[in-house]
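Please look over the sequence and the predicted structure shown here, and then read the briefing that follows.

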Amino acid sequence: MKTQIAATGLVFFSLMLPLKANAVELFSKMYIFGDSLSDQGNLFNTTAEQIPLSPPYFEGRFSNGPNWVDYLAGDLELNPTLFTTLGSGAIPTEGINFAFGGSTTGTEETAPVTSSGLVVLPGLQPQIDAFTVPLIQAGQSADPDALYIVWAGANDYLPNQRNFEPFTEPDTTLANLSDALQDLTDVGAKNIMVVNLPDLGNTPIALGVDGRIPGTTDALNTLTEDHNSGLSELLDQFSQTADSDVNIIPVDVNSIFKEILAQPTEFGLTNVTTPCLNIPAQFVCENPEEFLFWDLQHPTTGIYRIIADLALSALNDPHPDNNHSHPAHVPEPAMALGLFALGALGIGSKGIRKKE
């Protein structure tokens, strides 16, 4: 089976090369705003390398290997600078990653308190402000040739380890996302990728709560559906009212997760309900490449590879709608099997591709 998966991945890799070549030419920089799904080490740096504990987590990522931003950045031959390293003199020549684990779409926080006490984390809006306010104060505009990524919302709804009460309706979250998009376009951002949510009720953390509070899974999946439906309408409306040269790029992660859950073996998976990592016992499974989830709510690195390639296919959509909204392509299971193999092959490698 592993030989077959690897072979499929190598064949698909050759098919992906033209897509990568096209996308590499598109963007000068990339700016990322969001939560732990996109955090390449900001929370890790802020908590003195306490969260997430690495190992077993991979170099400050919330997974067992590179996350989707790592993979997509490599595909685009870009190396965004972590926001938390700017104060030490890092020069963000290829963009900045503002994403923090535990962030909501507002200012609320959901990450646990560390041994050194309370850690103040920026939610999505403070992250956007950290980018836009200095530009406004300097009378400058955002780079029109950069890619801007917004993926947030899961922490607004999921159970958490802080006093934040999760939302049971998507209205506030969608309003926050709308504000974020408006703020970015107001300073001149032109290419904005927006990612929807997978069904949150299917995460191990939700399934665990459902065992104690029946109905949690169904409620969270319904809430996810309402969020994604509202987000789709928001993006359509935003595309119609934004300047003609603003390009909104939606990525439908929810659909690929539905495909995985419906046909896990087609993706080389044997476990889609429980995490590979048992945090209290610090036990790691022997076959993470066969797991959908690394911990209670974050995917394994192989799944992040699939997400990155889904995003890459959205960037290379050959049929943009009036140069506005690009519908994301969901790979067929056979295609995604090859993508998963590529991700699995990267698990054992510590190197993340960087621009020379």
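**A buried cysteine and the model around it**

Because its relative accessibility is 2%, Cys276 counts as buried, where buried means under 20% relative accessible area, exposed over 50%, and partly exposed in between, computed with a 1.4 Å probe on protein chains only. This is a predicted model, in which local features need a pLDDT of at least 70 and side-chain atom pairs count only at pLDDT 80 or more, while totals for chains, interfaces and linings use all residues. Residues are numbered from 1 along each chain as its sequence is written, and side-chain values use heavy atoms, with hydrogens and water left out.

**The disulfide**

- Cys276 is joined to Cys285 in a disulfide, with 2.0 Å between their sulfur atoms, and the rule applied here takes a disulfide to be a pair of cysteine sulfur atoms within 2.5 Å.
- A disulfide is a covalent bond between the sulfur atoms of two cysteines.
- By this rule, the count for the structure comes to one disulfide.
- The link of Cys276 and Cys285 is left-handed, with -100° about the S-S bond.
- Cys285 also counts as buried, because its relative accessibility is 11%.

**The chain and the confidence of the model**

- The chain has 356 residues, of which buried residues make up 56%.
- Its secondary structure comes to eleven helices and eight strands, these being DSSP runs numbered from the N terminus, with helices (H or I) of at least four residues and strands (E) of at least two.
- Among contacts between residues at least 6 apart in sequence, 73% join residues at least 24 apart, and contact here means heavy atoms within 4.5 Å.
- The average pLDDT of the chain is 83, and 78% of the residues score at least 70, where pLDDT is the predictor's confidence in each residue, from 0 to 100.
- Over residues 1-17 the pLDDT stays under 50, and the model has 19 contacts beyond four places in sequence for this stretch.
- Residues 318-356 also have a pLDDT below 50, and in the model this stretch has 97 contacts beyond near neighbours in sequence.
- Where pLDDT is low, the predicted coordinates should not be read in detail.

**The cavities**

- The structure holds two cavities of 30 Å³ or more; on a 1 Å grid over the protein atoms alone, a cavity is a set of points where a 1.4 Å probe fits but cannot get out, and lining residues have an atom within 4 Å of a point.
- Grid points are joined across faces, edges and corners, and a volume is the space filled by probe spheres set on the points.
- The largest cavity contains about 150 Å³ of space, and among its 17 lining residues Leu37, Ala154, Pro198, Leu200 and Gln297 lie nearest its centre.
- The lining of the largest cavity divides into eleven nonpolar residues, five polar and one charged, with Ala, Val, Leu, Ile, Met, Phe, Trp, Tyr, Cys and Pro counted as nonpolar, Asp, Glu, Lys and Arg as charged, and the others, Gly among them, as polar.
- The second largest cavity contains about 60 Å³ of space, and the residues that line it include Pro198, Asp199, Lys258, Leu292 and Phe293.
- In the lining of the second largest cavity there are five nonpolar residues, three polar and two charged.

- Thr300 lies in the loop between β8 (283-284) and α10 (301-315), and Thr300 is buried, because its relative accessible area is 1%.
- Not counting residues up to four places away in sequence, Thr300 touches Ser63, Asn64, Pro288, Phe291, Leu292, Phe293 and Trp294.
- Ser141 is found in the loop between α4 (124-138) and β4 (147-151), and Ser141 is exposed, because its relative accessible area is 56%.
- Apart from its neighbours within four places in sequence, Ser141 is in contact with Leu135 and Val187.
- Ser141 and Ala189 are 48 residues apart along the chain, and their C-alpha atoms are separated by 8.0 Å.

**Backbone features in loops**

- The peptide bond from Ile51 to Pro52 is cis, with omega near -5°, and Pro52 is found in the loop between α2 (42-46) and α3 (68-75).
- The peptide bond from Pro55 to Pro56 is cis as well, with omega near 15°, and Pro56 is found in the loop between α2 and α3.
- Ala48, which lies in the loop between α2 and α3, has a positive phi of about 55° although it is not a glycine, and Ala48 counts as exposed at 57% relative accessibility.
- Glu77, found in the loop between α3 and β2 (81-82), has a positive phi of about 55° although it is not a glycine, and Glu77 is partly exposed, with a relative accessible area of 34%.

Methods
On a 1 Å grid over the protein atoms alone, a cavity is a set of points where a 1.4 Å probe fits but cannot get out, and a pocket is an open set with protein on both sides within 12 Å along at least five of seven lines; lining residues have an atom within 4 Å of a point.
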